[in-house]
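Dear colleague,

Here is the structure I promised to hand over. My notes follow it.

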Amino acid sequence: MTALALAELADKAGIPAGVIQVVTGDAVLIGQRLTSDNRVRKLSFTGSTNVGKLLMSQSACNVKKLSLELGGNAPFIVFEDADLNSAIDGLMVAKFRNGGQTCVAANRIYVHEKVYDKFVNLLVDRVAKLKVGNGFEGVDIGPLIRSDAVEKVLSHFDDAIGKGATLRFGTRPLVGSNIVTPIILTEANDTMLCSQEETFGPLAAVSSFSSDDEIIERANRTESGLISYVYTQNLSRTLTISDVLESGMVGINQGIVSTASAPFGGMKQSGLGREGGKQGINEYLEEQYLLIGGI
């Protein structure tokens with residue numbers, strides 16, 4: 001729907017017909033046509049990792065250039081020296097913006113054991129103030145996009161509770177309504193689905209850690225590598241951990257990282273290439289080497 005609105009606004013703004021085109025219909029058939037036709041020399045896709053892999057496979061037949069911005073499983077790391085109020089501010093936007101339905105949503109929340117209880121209490125207080133309901137009524141959390149999104153949050157909730165998580169805020173999602181009240185789970189661990197998969201909903205699972213080495217290993221224990229969030233007041237730690245985190249972007253004491261002037265993209269199975277900045281323009285160019293002899 002947003003793409004259709006963009007096309008209409010482009011037309012009203014005077015952009016020539018054909019510069020921006022929106023094709024609706026069977027996504028599988030459209031994807032097959034785009035990947036198989038030699039006239040399409042570059043394909044940029046934003047979506048799930050599984051679909052990205054499929055498009056990559058289909059594009060191999062003609063060695064088509066690709067940019068893929070795929071799924072994430074972002075760690076949100078709060079060290080013992082962090083400004084906790086700032087960290088809560090950052091988590092509220094990184095986790096609950098758009099109801100948690102963003103590829104850069106904080107998915108695994110790790111808090112140092114020394115500040116764990118205080119952080120959780122602050123988080124519960126903030127989440128309790130969120131207004132939930134119809135998206136046209138000035139709310140903070142509106143409905144999820146469709147019923148299977150609710151079912152995924154439900155499966156992550158039940159799995160976590162079954163593996164020892166504690167419900168600190170919210171209620172079990174109800175199938176039949178797309179509105180999911182924000183949920184806070186504590187005592188989460190890395191065996192839970194909410195740690196291994198992208199939840200894509202307003203479920204915040206919090207676990208503790210005790211050392212820098214531990215959290216680096218746990219944060220990197222995923223095939224995704226889109227973005228990481230780190231809260232600390234220690235510059236040396238900031239530089240060290242940013243260097244070893246396997247993610248294309250790192251937000252240091254910031255809950256919103258993306259901007260048009262900076263490269264946006266991930267490592268590992270979170271995609272190929274970058275959007276934004278000069279790096280994003282380079283994705284649509286080819287290098288040509290020219291050697292000229294005597295003329």
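**Sheet and pockets**

Thr 46 has Glu 69 in strand S2 as its bridge partner. This is a predicted model, in which local features need pLDDT of at least 70, side-chain atom pairs count only at pLDDT 80 or more, and totals for chains, interfaces and linings use all residues. Residues are numbered from 1 along each chain as its sequence is written, and side-chain values use heavy atoms, with hydrogens and water left out.

Strands S1 (residues 42-46) and S2 (residues 65-69) are parallel, paired over five bridges. Pairing requires at least two bridges found by DSSP; helices (H or I, at least four residues) and strands (E, at least two) are DSSP runs, numbered from the N terminus.

An open sheet of three strands runs S1-S2-S12, with mixed pairing. S1 and S12 (271-272) are at the edges with a single partner strand each, so one side of each has no neighbour in the sheet. Helix H3 packs on this sheet and touches S1, S2 and S12 (contact: heavy atoms within 4.5 Å).

The largest pocket has a volume of about 930 Å³ (space filled by probe spheres set on grid points joined across faces, edges and corners). A pocket here is an open set of points on a 1 Å grid over the protein atoms alone, where a 1.4 Å probe fits, with protein on both sides within 12 Å along at least five of seven lines; lining residues have an atom within 4 Å of a point. Its 29 lining residues include Gly 47, Ser 48, Lys 152, Glu 198 and Phe 200, the closest to the centre.

The second largest pocket holds about 700 Å³, and S1 gives the most to its lining, with five residues.

Regards

Conventions. Axes are lines fitted to C-alpha atoms, for helices over the stretch in contact, and angles run from 0 to 180 degrees between N-to-C directions.
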